[in-house]
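Hi,

Here's the structure I promised to pass on.

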Amino acid sequence: MDFALELSLFVGFFYLCVNQTLRVKSDHQLVIYNSLSGKKENFVPLHEDHVGMYVCGPTLYSEPHMGNMRTFINFDFIYRCLLYLGYKVKYVRNITDAGHITNSAGQEVDSIGSAARSAQVQSLEIVYTYNVKFQELQRVYNLLPPSIEPTATAHIQEQIEVIEQIIENGFAYVVNGSVYFDVKTYMQQHNYGALSGRKVDELEQETRTLNAQDEKRFFADFALWKKAGDDDMQIWRSPWGNGNPGWHIECTAMSTKYLGKHFDIHGGGMDLKFPHHEDEIAQSCSSLGCTPAKYWMHANMLNVNGQKMSKSLGNFFLPKEIIAGETALFKKAYSADVIRFFMMQAHYRSTLDFTEDALNAAEKGYERLMESLSLLENVSCNDSSSLEVKKLVDSFYSAMNDDFNAPILIANLFEAVKQINLLTEGKITCTIQDKEELKNQLGGFIFNVLGLQGNTTNSDGKLNPVMDLVLDLRQEARSKKDWSTSDKIRDGLAAAGIVVKDGKEGTTWG
Ligand code: AMP
Ligand code: ZN
């Protein structure tokens, strides 16, 4: 890492601290693309200055991959923008740790249970193991913690109560200890498919037909509660007998418990639109009489060679593998900050291809952006200014307020970088006030809004002896084949933004 970059990272960290205390106002109207209407709409919160936002969290049967992280990073960015605009945000993101999940083919799978059975441990041991990793990833990628992170297993009673209400209102039926949502009855009064645009008759052609063993009355009906099977490891008592909840009901129970029956924003990955979110809408309309959220937001997929990164396709990368440079796809390691910057270069509604060229370009751009902060620091000031700070800052806000357009925001930040270069070359001048204003605004958008950290500083070399000691301890653990300690040290350093790499020439870090 060269000295200018190291200095800029330190300057960045300083900005971050200063800007934490700033409350920024904007004259621009925030516009959000609402997946429910298929249009961009002015954002008008249900309660002035307050925003309630629910985002579907991970199913912790395995370690979240980079694709999962893209969705969580995107919603972290959206959360940060709302905070930066001065809203008081209650951000609820659940953890799925129970129940049957319906996959897009309409089959119910108990992913946590099967992971627990094959590891011969209890279900919550699986969830707990991966939740520790997920929380660590949030620190590494600089995700702000949500206001509440509720788990499905801690809300079984609430789920049972919603199901009881749906049955009482005539939209669900009980068969042999299971409860199913009655899509045909629902369709008589509501538009099933309002969010996803899926038509039931078209769906029927994609789905296998029901056979005599099926309990459901109609192929599109979905489980609200499943009678316990012989293999099930997570079983609760209910008015319908022992069993476990369907997947969609947990989000209805937890979002409405913490945000009320109608709240501002509901988000998740694009692949959750159907059936998960469509079924959440059906559950809310049939139990509470209204759709849960005013604005539905869907983040698009991280792809590999044009295909969605996913566990089932086997084309996934774990975030820690990328930080450690241990993937077959890339020749080198990339820091969490560079990866976050790479993700921010695409709009949240666009797909993004995970390629080495794109990551290398992102790394260069990131370094240029960070360097410009230290260049600005050293600019000498004048009595007159040809710097158009207000115009630049306006362009930052207008990009952010146009449906959280991070790539345009970054392009506009680079307009500021151009101006800083001109200042450095003495081709334009600025006053001390303009310089300070630009510094604060750039710092605010780079660190608070985009969520970059810029904190891997070692400019005075003070870290070197500390790192020698830590790497010695790690080497000692490795020679004793104590992999858990050695991984713990590596992951802990990664959390602090330091990448450790083992190569032929020994262990390096940076
Ligand atoms: P899961 O743990 O499977 O419930 O997924 C957690 C979140 O990650 C959901 O919002 C998914 O939509 C999202 N997700 C899954 N795969 C990808 C991907 N390749 N790119 C972006 N988001 C994804
Ligand atoms: Zn959900």
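Asn305 has a positive phi of about 50 degrees despite not being a glycine, and the residue lies in the loop between strands E13 (302-304) and E14. Helices (H or I, at least four residues) and strands (E, at least two) are DSSP runs numbered from the N terminus.

Before the rest, some housekeeping. This is a predicted model, where local features need pLDDT of at least 70 and side-chain atom pairs count only at pLDDT 80 or more, while totals for chains, interfaces and linings use all residues. Residues are numbered from 1 along each chain as its sequence is written, chains are lettered from A and ligands numbered from 1 in the order written, and side-chain values use heavy atoms, leaving out hydrogens and water.

You'll find Asp403 in the loop between helices H13 (389-401) and H14 (406-424). There's a cis peptide bond too, joining Phe274 and Pro275 with omega about 0 degrees; Pro275 sits in helix H9 (residues 273-288).

Now the ligand. Ligand 1 is surrounded by 15 residues, with Gly67, Thr71, Asp271, Leu302 and Met309 the closest (a residue is near if one of its heavy atoms lies within 4 Å). Helix H2 (residues 66-84) gives the largest share of that shell, four residues. For polar contacts to the ligand (N or O pairs within 3.5 Å):

- Asp271: a polar side-chain atom is 2.3 Å from a ligand 1 oxygen.
- Thr71: a side-chain N or O is 2.7 Å from a ligand 1 nitrogen.
- Leu302: a backbone N or O is 2.7 Å from a ligand 1 nitrogen.

The protein covers 89% of the 490 Å² of accessible area that ligand 1 has on its own (Shrake-Rupley, 1.4 Å probe).

Last, rings. Ring pairs link Phe171, Phe181, Tyr186, Tyr192, Phe222 and Phe274 into a cluster (centres within 6.5 Å; planes under 30 degrees apart are stacked, over 60 edge-to-face, the rest tilted).

Cheers

How values were computed:
Phe/Tyr/Trp six-rings, centres within 6.5 Å; stacked < 30°, edge-to-face > 60°. Polar contact = N/O pair within 3.5 Å; in protein donor to acceptor, adjacent residues only side chain to side chain.
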